[in-house]
Amino acid sequence: MAKNLVIVESPAKAKTIEKFLGPDFKVASSYGHIADLPSKELGVAVEDDFSAKYMVSSDKKALVKQLQTLANKAEIIWLASDEDREGEAISWHLSETLKLDASKTKRIVFNAITKSAVQHAIQNPRDIDYNLVNAQQARRVLDRLVGYELSPVLWKKIKPGLSAGRVQSVAVRLIVEREREIDAFTPEASFKITAQFTTESGGVFSAKIYKTFKNEGAAYEFLELNMGAQFHISQLDTKPAKKSPAAPFTTSTLQQEASRKIYFSVSKTMQVAQRLYEAGHITYMRTDSVNLSKEAKEAAEKAIVEHYGAAFSHPRDFTGKTKGAQEAHEAIRPTNMMVQNPVSDRDQAKLYDLIWKRTLASQMSDAKLERTNVKIAANTHQELFTVSGEVITFEGFLKVYLEGVDDEELEEQEGMLPAMKVKESLTYRNITATERFSRPPYRYSEASLVKKLEELGIGRPSTYAPTISTIQNRGYVEKGSIEGVARAYQQLILTKDSIDVKTLSENVGSDKGKMVPTDIGMIVNDFLVDHFSSILDYNFTAKVEEDFDEIAQGTEDWKKIMKDFYNDFHPRVLQVEEHADRASGERLLGKDPKSGRPLIVRLGRFGAMAQIGHADDEEKPIFASLLPEQSLGTITYEEALDLFKLPRALGEYEGKEVLASVGRYGPYIKFGDTFVSMDRGESALDVTMDRAIELIVEKQKADAPIAEYEGHEVTKGTGRFGPFIKWNGMFINVNKKYDFDHLSKEDITELIELKKQKEIDKLIHNWEEAGVRIEKARWGRHHIIKGKIKIELAKEVDVINMTLEEAQDLIEKKAPKKKAAPKKKAAAKKKAPTKKTTTTSKKTTPKK
């Protein structure tokens with residue numbers, strides 16, 4: 001038996017570390033935290049000292065038992081979870097839950113999973129850092145207090161099932177406020193002047209005037225001044241310039257750059273980076289440090305000299321701008337700078353390449369440029385045309401890498417200029433005045449939202465990705481699919497001695513993939529800002545992060561901070577719960593022209609809707625769902641009235657009525673008892689009968705059986721996971737091996753038989769008389785199934801030796817029963833008065 005037990009938090013990390021240690025070491029995984037706050041209660045002693053109550057969840061009990069057995073047999077236990085606050089808390093939970101003997105327990109940390117880093121950590125163990133543990137506890141407890149107290153208020157005042165969070169609600173506020181800035185923005189038109197000139201030697205280049213002209217008349221007058229004008233170069237300056245490389249990646253800058261260059265979402269970036277780290281290819285990926293270790297800089301220098309030559313090497317240090325940097329003490333970098341492509345996985349290879357190039361470039365020489373600025377004068381007016389150009393005289397770090405920029409930071413690229421000299425005469429080919437409109441603020445992308453959160457000091461490297469995922473999963477924010485609209489603009493072109501006027505068109509407002517708040521997101525945000533302004537305050541959220549940093553440094557008492565916060569926060573929650581009005585985002589648009597009753601839009605049980613009349617009117621109100629592209633804040637009176645034209649009767653097809661309408665999931669065609677979804681961008685208000693028939697025929701073809709097998713029809717379709725066939729109630733995925741459009745009889749037989757065998761193989765136990773079975777599930781897990789009840793078991797649970805009684809016991813414990821209980825009680829309460837009345841009348845009659 002191994003004398004040493006090393007516990008890490010992930011099996012992938014365990015697998016990599018095991019390669020570096022000898023037979024005296026056993027490496028096991030805790031699969032993240034083994035203890036957490038309870039899911040069905042607050043778990044914080046708010047009436048006492050604010051200590052947290054941690055519990056081992058039922059799916060972790062078998063794992064804890066297994067780790068306990070290993071720990072009891074080991075001479076030394078090495079707690080090797082990650083080096084940030086979360087990792088420190090995992091080690092603390094292991095120590096407390098497994099009741100580890102302090103004399104034989106050691107804490108080790110490393111920011112790269114390499115042989116040298118792991119061995120160095122084992123030679124330099126330390127104790128658990130309780131300041132880091134307390135900082136993590138403070139974050140967990142504060143977030144629990146905010147979420148646990150605010151969410152029920154939202155259920156009561158807005159809609160059941162909503163949630164609030166300290167950081168997520170602030171992130172939603174940023175997005176809502178940006179959307180309102182865009183809605184309130186009024187574009188202003190002006191005309192910009194550009195000219196195309198030819199030098200005496202025939203070189204052609206463009207120049208512009210920085211002044212803008214307010215209207216078409218002013219632009220036209222200026223072009224007239226240039227008719228027959230003579231132009232010459234009045235000033236020409238050539239100066240040396242340089243560009244310096246960006247710092248190595250932090251978590252935030254990696255997320256931003258991966259979004260710009262390889263189009264990864266923030267969560268995908270972190271998932272791929274996690275795999276690279278656990279495989280030992282990069283250093284720890286949750287960090288706000290831009291430092292590189294001495295060894296890393298030496299390795300980078302060696303790689304640069306080998307690949308590009310000594311002239312390209314320039315070792316340098318960077319200073320981070322992030323306040324309270326708390327995580328790992330080094331930037332994200334490759335563990336081996338000499339290896340440029342260590343992985344075959346496509347996504348990992350893309351991200352690794354980005355990290356390798358950025359790290360290498362950070363230690364390379366500046367790029368040297370020669371920048372030329374030219375001014376051009378006319379003999380008929382005082383305005384100067386200007387143009388700049390640059391030539392790279394030494395590539396430096398640009399040979400490897402150039403940092404990307406966001407939309408709002410884009411500048412016109414400077415190009416090369418032809419040879420020219422001062423006082424040289426120029427002739428113009430054309431001079432153009434183009435109408436341009438001022439732009440509204442840009443919507444946030446995932447990457448630019450991370451950048452903004454970091455600038456405001458909100459959140460830390462470990463929180464950015466979960467925050468962005470949460471606000472989307474909760475339905476408060478969605479990725480925009482705004483197509484944009486056509487806008488006309490004028491262009492005046494002076495060629496020789498005539499001015500042509502053209503009307504052109506451009507698409508504006510297109511914002512695909514950007515963060516757009518939903519109606520429910522706006523309503524929740526407004527309610528929280530109105531009633532809990534301190535929690536939603538950007539400075540408060542940043543101050544809390546500073547408090548966490550001070551706790552981590554040992555200069556603040558975390559329980560005191562929790563107590564001070566709660567004593568202000570809790571009374572406010574009670575006050576809002578008692579006195580605040582319900583919020584539905586209601587807007588009065590006008591009166592219904594037919595009935596004279598008010599026409600309003602508001603949030604309903606199934607989403608945003610328009611409503612004619614009120615609930616307390618004699619005549620019941622009429623409702624209509626808003627279309628997917630409409631919102632409570634921007635829908636007009638006319639658009640809302642149009643919704644009540646639905647459902648629209650389009651005609652008859654095959655003897656059945658055809659209707660167009662809109663429901664919870666968007667616009668659809670109803671054909672008899674069949675519902676057919678319309679394509680994105682189509683509207684139930686203007687779809688034609690011909691288009692409806694097309695959709696119905698497509699649906700009929702898709703639903704028509706393509707074969708029969710063992711007495712059951714085979715149909716095919718395409719779902720969220722790709723193409724499939726359906727047979728005997730089973731959905732069978734069709735992979736790329738098959739031609740989905742031309743499946744043969746042999747293909748169908750093979751697919752069905754493989755699926756049948758797969759179903760047999762995944763069955764572990766089948767107690768038919770009890771109606772209970774255990775099946776294999778994804779990711780090495782298992783399911784206990786009884787009727788409609790499905791309970792997931794963790795990987796560590798021994799299902800092979802599980803008995804029926806044990807399975808039934810788990811079903812009894814985990815099956816959702818609480819929903820049924822209130823119904824019985826409610827029914828009993830309703831019947832009770834009837835029974836009492838009957839009893840009373842029976843007792844009264846004999847007395848009479």
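Select I7 and look across to strand β3 (residues 76-79): the bridge partner of I7 there is L79. This is a predicted model, in which local features need pLDDT of at least 70 and side-chain atom pairs count only at pLDDT 80 or more, while totals for chains, interfaces and linings use all residues. Residues are numbered from 1 along each chain as its sequence is written, and side-chain values use heavy atoms, with hydrogens and water left out.

Now show all of β3 with β1; the two run parallel and are joined by 4 bridges. Strands here are DSSP runs of E with at least two residues, helices are runs of H or I with at least four, and both are numbered from the N terminus.

Next, select α1. This helix packs on the sheet and touches β1 and β2, its direction making about 165° with that of β2. Contact means heavy atoms within 4.5 Å; angles run from 0 to 180 degrees between N-to-C directions, with axes fitted to C-alpha atoms, for helices over the stretch in contact.

Widen the view to the open sheet of 4 strands, whose order is β2-β1-β3-β4 with parallel pairing. Two strands pair if DSSP finds at least two bridges between them. From one strand to the next the twist averages 25°.

Return to β2 (residues 25-29), where 4 of the 5 residues are buried, that is, under 20% relative accessible area with a 1.4 Å probe and protein chains only. Strand β1 (residues 4-8) pairs with β2 in the parallel sense over 5 bridges, and A28 is the bridge partner of I7 in β2.

Move to helices α6 (residues 166-184) and α15 (residues 538-552): their axes come within 10 Å and cross at roughly 145°. To see the contact, select R166, V167, V170, R173, L174 and E177 of α6 together with Y538, T541, V544, E545 and F548 of α15.

Finish with the largest nonpolar core, of 142 residues; F110, I158, L351, F527 and I669 have the most contacts inside it. A nonpolar core is a set of buried Ala, Val, Leu, Ile, Met, Phe, Trp, Tyr and Cys residues joined through side-chain atoms within 4.5 Å. Helix α5 (residues 130-157) gives the largest share of this core, 10 residues. Apart from this core lies another of 27 residues, including I209, V387, M420 and I499.

Terms used
Buried < 20%, exposed > 50% of the residue type's maximum accessible area, 1.4 Å probe, protein only.
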